[in-house]
Amino acid sequence: MSDLSSPVTRRTVVGGALATGGAVLLGGPAALAAKPPRRRIREPLLTDGNFHLGVGSGFPGTDEITLWTRVEGVERNSRVRLEVARDPDFRRTVLRRDVRVPVVRDATVHARLKGGPLRPGEEYYYRFTTRRTASDVGRFRTARPADSREPVRIGFFSCQDYQAGYYPAHAALAAQDDLDLVVCLGDYVYEQTFYDGPADRKDTLGAAKDGFVLTLPEWREKYRLYKADPNLRKLHAAHPFIAIWDDHEVEDNYAGERRDTAKGQDAPYDIRERRRNGYLAFFEYMPRLRAKPVDFRIYGSVPLGATAELFLLDQRQYRDPQACTGQIVVPCPDAETGRRTFLGAEQKAWFKRAVTDSRAQWKVVANQLMIMAVDSVPGTTINVDAWDGYGAERREILEHFRARGVRDLTFITGDIHTFFAGTVHTNGRANTPAVGTEFVGGSITSLGFEDIIPEATARETIKAALRTTNPHISYADFQHRGFGRLEARTDGLRVEYHSVDALDPAARPVRQAAFSVAPGDTTVRPA
C-alpha cells in the first residue's frame, strides 16, 4: 500500500527505472523524446505534533494489523514515523516506517501492516512519532494460525452515549490483558443528545450546541469528543478493536436512505447527506480501511484460528423501512410475514454462504439488534426496529443454517441497553427448532429499562410479563450497565457479563453473571 511504502530514494528510483523502464530505453527516438515522468514530492516528516486522541489497532490477521492515530493541527499533507516492537520500551524494534498524514481525512492516519516481521499469535507494541513528540504506546496481538485450537477471547459492548455517563467500563476492558480483541456492536457515538447525565459530561456540539450534528466537520468533532476520553483511549491502546455501526452513527432508527418513518419525513435536511457524512467520519476515526473511496461496506469476517471466526453484520445500510411505520408494542402481523429485507440481497447471500462454509468451530456473529424475539404478549412484538420486524428474512437465514447442519452458532448483540441470554430459534421464539445462542451485552452508559420506567410496580409487572412470554430468554438483567466477555474453547463457550456504574468515574467492574454452552448444544446454562 502506498501509505506503507519505504521512503523514495535515488536508489529506489533508479532501481524502478531498470525494472520497469527497459522498453522505454529500447524504444528509439520517439521514446527518448517522451516527456519524463514527474518526480513525486515527498511530504515532510513532522517536527511537532499532538497525538491527543491516542492510538488504536484493528482487524488483526495472522501477519497483519491496521494501526491508527490522529495528529492535531496539521495543515498540509505530511508524514509521521511508525515504530513496532516486541517490547513496550522499543528496545527490540521490528519495524520502522514513515506513514502519511492526509489532511483530506482530517489528519487521521491508517497504516495497514502485512507480512514482514509480524508472526501469528504474537504480541507487539507500537507508537507514532514526529521529530520531537511521540504518541501513546499501543499494544496488539496478531491472530493465531488457521489450525490453532487455542481459546479465543473477545470483549464486546455497545451504546456509549457520552452525556449519559462516564467510561470506567472501558478502563475495566482495557485491564483484561488476555483479550484477543474488543468489538463495539454499534452506537459508538450519538448523533444528538438523548440522556442527561453528570454535570461535567455535556455534548454541546452542532450548530445549536445541543449535540445534533449534520455536516462532516460536525461529525468529526463528535468523534474527537468521544475519543478524547482517557478511558476510551486506554481501551483502544490495549486491544485490537473492531466496530460496526448501528443507528446513532447516523440517525436514530434510520433505515437505508430513509429516516425513521414514525418520526415523519419533513426534516429540513437530506438524510442521505447526513448518512454519507456519518459514514465518512466513522471510517476516518476507526482503525479500519475502506476498499475504495466510495465503499462503505462494513460486513465481513475475521478468522481467529480453528476455534472461532467472527462475522460482522450491517443491519442499517441495506434494510427496507420498518414494518408498521416503526411503531412499538402494537400488533404488527406484517413484521413476521412481510418480504422486507434486513440485510439486503448481497449481504444476506454472503452471510448464508460464509457461515455455512466456515471451518471454525464457533461461529460468532457481531449483531447490532436482537435476533431472539421479544414479545410483550404472544404475537405482539415490542420492537420492529430489530430482527423482530423482519421475521421472514430471519426465518429464511436460520432455517438455511439448520438445514445445512451449522453447529456452534452464537450471536453477540448490542442496542437494547439490557443484558439478555438465551436460545435462538428459527422464528425467534421457542415454538420452532433451535439453531444457536444469543448474548446481549447491556450498554456502556445509555439508559435502560430501569431508568426509563421509574415506577417500581410497573417495572416489575412488565418484567414478569416479558419472562412469561419469552421462554427462550433464559436470563434478563434490566438494571445494570456494562459489557460482555466471550471465551470460545474447543470444549465449550463461556460468556460473562460485567456491570460498571456509569455515574461513578472510579467504579470497578462487578461480574453479574456467567454462562456456558456445550459444543453442539443450544442451551445456555449458568456457569
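Mentor: Ala, Val, Leu, Ile, Met, Phe, Trp, Tyr, Cys and Pro count as nonpolar, Asp, Glu, Lys and Arg as charged, and the others, Gly among them, as polar. By that scheme, the lining of the largest pocket has 17 nonpolar, seven polar and seven charged residues. This is a predicted model, in which totals for linings use all residues. Residue numbers start from 1 along each chain as its sequence is written.

Trainee: What makes a space a pocket, and what a cavity?
Mentor: On a 1 Å grid over the protein atoms alone, a cavity is a set of points where a 1.4 Å probe fits but cannot get out, whereas a pocket is an open set with protein on both sides within 12 Å along at least five of seven lines; lining residues have an atom within 4 Å of a point. The largest pocket is lined by 31 residues, with Ile-328, Asn-383, Asp-415, Ile-416 and Ile-452 nearest its centre.

Trainee: What is the volume of the largest pocket?
Mentor: About 840 Å³, where a volume is the space filled by probe spheres set on the points, joined across faces, edges and corners.

Trainee: Which residues line the second largest cavity?
Mentor: Among them are Leu-369, Asn-383, Asp-388, Asp-415 and Ile-416. This cavity holds about 80 Å³ of space, and its lining divides into seven nonpolar, one polar and two charged residues. Asp-388 and Asp-415 line it, and Asp counts as charged, so these two are the charged ones.

Definitions and conventions
Predicted model: local features only at pLDDT ≥ 70, side-chain atom pairs only at ≥ 80, totals over all residues. Heavy atoms only, no water.
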